[in-house]
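Please read it alongside the sequence and the structure shown here.

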Amino acid sequence: MLPWEEGYWLVRFLLQRGLAAIYLCAFLVAATQFRPLAGENGLFSLRSYAERASVTDGPSLFQFFPSDRAVALAAWAGVGLSLVALLAGPYFLPPDLAVPASMGLWFLLWGLCQSFVNAGGLFYGYGWESMLLETGFLAVFLGAGPTGPPVLIVWLFSWLLFRNMFGAGLIKMRGDRCWRDLTAMDFHYETQPMPNPGSWFAHHLSERFHRLEVVGNHVVELAVPFLYFAPEPYASVAGVLTVGFQGWLMLTGNFSWLNALTIVQAIAVTSDRTLAAVLPVSAPAAAPAPLYLQVLAAGVTLLVLALSYYPVTNMLSPNQRMNAGFDPFHIVNTYGAFGSITKERYGLVVEGTNQEHPEEGDWAAYSFKGHPDDPSKRPRQWAPYHLRLDWQLWFAAMRPRPGRRQQWVFTLLERLLDGDSSVEGLLADVPFDDGPEKVRVLRYRYRFTTPEERAESGDWWVRERVGAYVPATSNPGPGPFGGELR
Amino acid sequence: MTERFVQAIVVGGIALVAGLWAVELGSGAAWWGGVGLVVMGVLGFAWGIHSELSV
């Protein structure tokens, strides 16, 4: 059967529900974390962002309304709209209204998400932010109601999934040697940004299994993506392999909504016929999309193909960039993950004391939600929820001292000294009621315990102190580089 | 200039997809041509990936 003869009503319905769930998660993260991270009194100041930002930096409501009230309003509006999308709101409207209502709903979600991503600086600098925006942009043109989606838009989702997976495969082959000598997974589970409950167990699987995992990774990321464009059932088999691969990553690490979003994109490579054959559902016989939506879809296709020039050139270049956008709206981007694998894990432990001249035993540690600190603490499952501060701590810990891009660490320490409840809310446990007299940040080298060590101590980690990241201070100031660098 | 392994994988991928469509839609010579392209595509993948491994 030719691809335009396949039905995609059910594909669209599932894809939209999945994407709405991810938007819901993203806006809940914004509602709970944006203000302490990048709000009026955040680790990055929203007002200084608004003063410096230009339209070419990407559109954001917060360029015009740099206030915590606007942040809360936008975030909770996003939560509400995501729920409407999740519950398939436009499908309950009369047929003539369903498509325009759906377009308006998904456009609002996209616009609100843009506002957070473009204003969030370093804390929103992850590949899956622009990937969510690109996926969300395409969703505007999927339509809703009894008519089917434009086939061109469904294919653009396959094109997005292809760049997502193939880009990740190429960056690995070109990047770290451990991907070529098949040893990458000897390190990955232990040194990844935020291990989860499955990571310790995956780390202790056999060497042979780790070698096979890397070979499997190369096949799934470099060969399988081409099959997204093959006839059925090969395209669906490729989709299932992609979903299985992402499922394994979800079982063994916390990668925000990256894996879930890739699974949502993979829905697009199948068809109603295949879904109805394997799921206990039947796809309705949908009429073609309205003419105006098909015309819009053709225009969007031309736009995406034109904007794909730079991402494709980047993918084919030996100097491939891992995650990058090439337009201020993040419409077509280039993606990749783990081009290099860290071989040793470092972690930061923030401590405070109320003593003016503290002894070693006078310090009490702050506890983070996902960033490993206490060796006895079992790594938790957080994804698809995204702990933005904890992820940045992983990057920060790679250096022995804060560099230019870690100046936010000094602001974090100031806020902790002030007992700022909004920033403290980002942490799991705060050992001081009104802020300590002094703070310091210690840097440790971590490794997973062996099964024998864990049986004996119950610990998940063994750690060794390697130095002071920020020495004890009661006045961290703006840091050696003079303050904020978004 | 794109590396040889990338060229092999991309050409192999295009050959594979074209071959599968030819097998799906064609008959006679087109069908056999499709089978040939599928084989070429798989070999392209295998060479492209294997050429970069150092084990």
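**Overall architecture**

Chain A contains 19 helices and six strands. The model is predicted. An assignment of domains divides chain A into domain 1 (3-334) and domain 2 (345-473).

**Dimensions and packing of chain A**

- The C-alpha trace of chain A spans about 75 × 55 × 40 Å along its principal axes.
- The radius of gyration of chain A is 24 Å, which agrees with the value near 23 Å that a compact globule of 486 residues would have.
- Of the 486 residues in chain A, 52% are buried.
- Among the contacts in chain A with a separation of 6 or more, 73% are between residues 24 or more positions apart.

**Domain 1 against domain 2**

- The C-alpha centres of domain 1 of chain A and domain 2 of chain A are 31 Å apart.
- The contact between them involves 28 residues from domain 1 of chain A and 31 residues from domain 2 of chain A.
- On the side of domain 1 of chain A that touches domain 2 of chain A, at least two residues each come from α1 (9-38), α8 (184-191) and α9 (199-203) of chain A.
- With seven residues, α1(A) gives the most to this side of domain 1 of chain A.
- By class, the side of domain 1 of chain A that touches domain 2 of chain A comprises 18 nonpolar, eight polar and two charged residues.

**Helix α17 of chain A**

- Helix α17 (residues 408-418) of chain A is largely enclosed by the rest of the structure, because nine of its eleven residues are buried.
- The buried residues of α17(A) are A:Trp408, A:Val409, A:Phe410, A:Thr411, A:Leu412, A:Leu413, A:Glu414, A:Arg415 and A:Leu416.
- The cover over these buried residues includes the strands β3 (345-353), β5 (438-448) and β6 (461-473) of chain A, together with the helices α16 (388-396) and α18 (421-424) of chain A.

**Chain A against chain B**

- The contact between the chains brings together 15 residues of chain A and 17 residues of chain B.
- On the side of chain A that touches chain B, the elements giving two or more residues are α6 (151-174) and α10 (207-223) of chain A.
- The largest share of this side of chain A, three residues, is supplied by α10(A).
- By class, the side of chain A that touches chain B has twelve nonpolar residues, one polar residue and two charged residues.

Key:
Residues numbered from 1 in each chain as written. Chains lettered and ligands numbered in written order. Predicted model: local features only at pLDDT ≥ 70, side-chain atom pairs only at ≥ 80, totals over all residues. Contact = placed C-beta atoms within 7 Å. Helix = DSSP H or I, 4+ residues; strand = E, 2+ residues; numbered from the N terminus. Nonpolar A, V, L, I, M, F, W, Y, C, P; charged D, E, K, R; others polar. Domains from an automatic or database assignment. Buried ≥ 20, exposed ≤ 12 C-beta atoms within 10 Å, placed from the backbone. Rg over C-alpha atoms; globule rule 2.2 N^0.38 Å.
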